[in-house]
Amino acid sequence: MFSSRLKYFLAVVPFLAMTSVPMHATTILSENFDELTPNLTVTTAGVFSTLGGTNVDIVGPANGYGGLCAAPESGNCVDLGGTGGNPYGQLGLTTELNLAAGTYDLAFDLVGSGRDLTTTTLVTFGSYSQSFTLASDDTTDGIVNVDVAISGGTTQLEFVDESSPNGNIGALLDNVSISTVSAVP
């Protein structure tokens, strides 16, 4: 009987060694803006701060702009156009991330303004740089989940509204997250 258990164990061990256990991603940053008080002309929004003397608007049901945070948004979101700033809405992490070299998952929801104007937003994170031009009703083209190679060191995540002719109407940002995919310890 011992011999048959040993044979079974010896047969199973190599099989288990060949299977890989998926690595669980570690969330580094998660911001959905729902814990914030909706307000216009803010210079901080959760883990983000505005850059270059700009401002953004935190919009949601509490300040009567909840309808702007259309699906897939929920609760509050950030209008990157801000109010009365020039240039408009340059939003970056308040504290840059110090990341090990590796691959990171960047996810965010960036949707059209919902106010009959097209917006353009530049998003940068490490080696990732993408400009999004969104029609007012676009709720799909700015929904992003992408793997980004990071060389290591301090890394900034920025959302820059490039729609200054639109005044205080920008794209709407929500559900920002960064997770590890693989990092070199």
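Cys69 is buried (under 20% relative accessible area, with exposed over 50% and partly exposed in between; 1.4 Å probe, protein chains only), at a relative accessible area of 7%.

The model is predicted, with local features requiring pLDDT of at least 70 and side-chain atom pairs pLDDT 80 or more, while totals for chains, interfaces and linings use all residues. Residues are numbered from 1 along each chain as its sequence is written, and side-chain values use heavy atoms, leaving out hydrogens and water.

Turning to the strands (DSSP runs of E, at least two residues, numbered from the N terminus), 6 of them form an open antiparallel sheet in the order E3-E4-E7-E14-E10-E11. E3 (44–45) and E11 (128–134) stand at the edges with a single partner strand each, so one side of each has no neighbour in the sheet. Pairing requires at least two DSSP bridges; E3 and E4 (residues 48–50) have 2, and Thr44 is bridged to Ser49 in E4.

Thr83 lies in the loop between E6 (77–79) and E7 (90–93) and is partly exposed, at 25% relative accessible area. Beyond neighbours within four places in sequence, Thr83 is in contact (heavy atoms within 4.5 Å) with residues including Leu40, Asn55 and Asp57.

How values were computed:
Helices (H or I, at least four residues) and strands (E, at least two) are DSSP runs, numbered from the N terminus.
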